Amino acid sequence: MAPLMRTELSSSDTSWINHDKSSANSSPTLDRRPHPYERKQLEPETLPICHPYTFGDEIEMISKVLWSGHLCGDGPFTRKCHTLLEERLKCNKTLLTTSCTHALELSAMLLELRSEDEVIMPSFTFVSTANAFTNLGVRPVFCDIRSDTLNIDETRIEALITSRTRAIVVVHYAGVSCDMATITAIAKRNNLAVVEDVAHAIFGNYQGQALGTLGEFGAASFHQTKNYSCGEGGALFINAPEFAERAEIIREKGTNRAMFLRGQVDRYSWCDKGSSYLPSEILAAHLWVQLREHEFVQQHRRKLHDFYITELSTWAHEHHVQLPSIPADCQSAYHLFWMLLPSLEIQSRLTSHLTALKIQSTFHYQPLHCSIMGHRYGYQSGDFPVTEMAGERLLRIPFYTGLSMEQAARVVDALKGFNHWT
């Protein structure tokens with residue numbers, strides 16, 4: 001029988017990679033010309049809301065994985081990601097997961113939440129924040145949000161605490177931190193855990209401390225729509241050391257395989273509940289390139305955010321449009337750019353206006369308490385007015401790492417050209 005033939009990915013033509021790979025810490029300049037692959041993807045006729053960004057050497061790193069023979073999880077690139085995140089965020093331990101949803105599920109399992117327990121969380125969030133806990137039978141206790149940052153309203157949390165409350169789940173909306181000093185103080189007084197949903201907020205910080213490291217756990221997302229992406233993926237940040245060993249076991253199908261790989265046991269076996277939460281090494285290789293360039297990503301997204309704020313502030317004031325607010329003690333991760341329009345009708349008309357100019361815009365979260373599932377938990381429309389206002393009147397505009405300043409100026413001009421306010 002003839003030997004099995006393999007076709008190697010060609011790496012001879014690297015002219016399309018406009019990126020210096022000589023140093024793991026090197027970053028492209030903000031005004032560099034994108035390589036042809038980027039131009040094809042990131043400059044379509046219609047400006048999208050968001051778009052995944054590539055630095056050029058993701059394919060090379062993935063090809064290394066394919067030729068290594070180690071395609072499953074917890075290989076060299078997974079370890080690189082863990083090390084980078086632990087060092088840059090200064091968290092006790094990081095574990096890559098298959099999604100932010102699974103990272104949140106892991107936190108719920110580590111807290112040993114049961115069906116009689118309650119967890120406080122904002123209603124203005126993605127369904128995964130709730131599902132990670134309701135899948136274990138835990139009751140979500142929704143809270144309204146602040147009108148300035150659209151984060152959970154810390155002044156309303158304590159009134160929601162009962163004898164069944166076990167944790168407070170916060171979501172750092174758009175990359176801006178919640179008031180963590182107040183929230184962690186409430187949690188400490190009431191012996192509650194804090195779980196941070198940092199799907200929007202990795203590399204943001206609060207009072208100089210990285211988001212995702214202020215509670216017992218942080219859950220990050222590396223979905224296609226996020227600042228750093230491998231298509232689908234996430235990470236659990238474990239800040240309380242006593243949970244680290246068990247987190248490894250639950251993540252590895254309830255076995256102590258991680259200890260076996262480190263030579264701590266001579267064979268591994270089933271020792272706890274668990275599931276398969278490990279992402280492929282292929283995804284980890286792609287992600288490592290993304291995380292390695294976080295300073296460039298953060299810098300460019302801040303530049304876009306500041307441009308929008310500068311160019312739109314007068315326009316927004318004249319037309320009673322609310323723009324994002326970043327408290328002085330926060331450094332945003334600049335995940336998205338939102339605005340609150342004066343009414344649902346104006347929001348709809350502005351959306352149509354931008355669509356006609358081939359610029360995508362969209363609403364965001366629809367309040368969980370107003371959903372079918374929310375009604376099953378006893379909630380109804382009118383319970384949380386700020387959340388409902390945001391669900392109706394919020395509009396997101398294009399904001400992503402590959403968006404050029406010229407394209408951002410096109411968005412600004414389109415907004416200023418809207419005249420149907422009445």
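Visitor: What should I know before reading it?
Guide: Residues are numbered from 1 along each chain as its sequence is written, and side-chain values use heavy atoms, with hydrogens and water left out. In this predicted model, local features need pLDDT of at least 70 and side-chain atom pairs count only at pLDDT 80 or more, while totals for chains, interfaces and linings use all residues.

Visitor: In which sense do strand 2 and strand 3 pair?
Guide: Strands of a sheet pair through backbone hydrogen bonds, either parallel or antiparallel. Here strands (E, at least two residues) and helices (H or I, at least four) are DSSP runs numbered from the N terminus, and two strands pair if DSSP finds at least two bridges between them. Strand 2 (residues 118-122) and strand 3 are parallel, over five bridges. Val119 stands opposite Pro140 in strand 3.

Visitor: Is strand 3 mostly covered or uncovered?
Guide: Buried means under 20% relative accessible area, exposed over 50%, and partly exposed in between (1.4 Å probe, protein chains only). In strand 3 (residues 139-143), four of the five residues are buried.

Visitor: Which strands form the open sheet with antiparallel pairing?
Guide: Three strands do, in the order 7-6-10. Strand 7 (209-210) and strand 10 (330-331) are the edges, each pairing on one side only. Strand 6 (residues 205-206) joins strand 7 over two antiparallel bridges, and Tyr206 has Gln209 of strand 7 as its bridge partner.

Visitor: How many disulfides does a search of the whole structure find?
Guide: A disulfide is a covalent bond between the sulfur atoms of two cysteines. The cut-off is a pair of cysteine sulfur atoms within 2.5 Å, and the search finds zero. Cys50 is partly exposed at 24% relative accessible area, and Cys72 is partly exposed at 46%.
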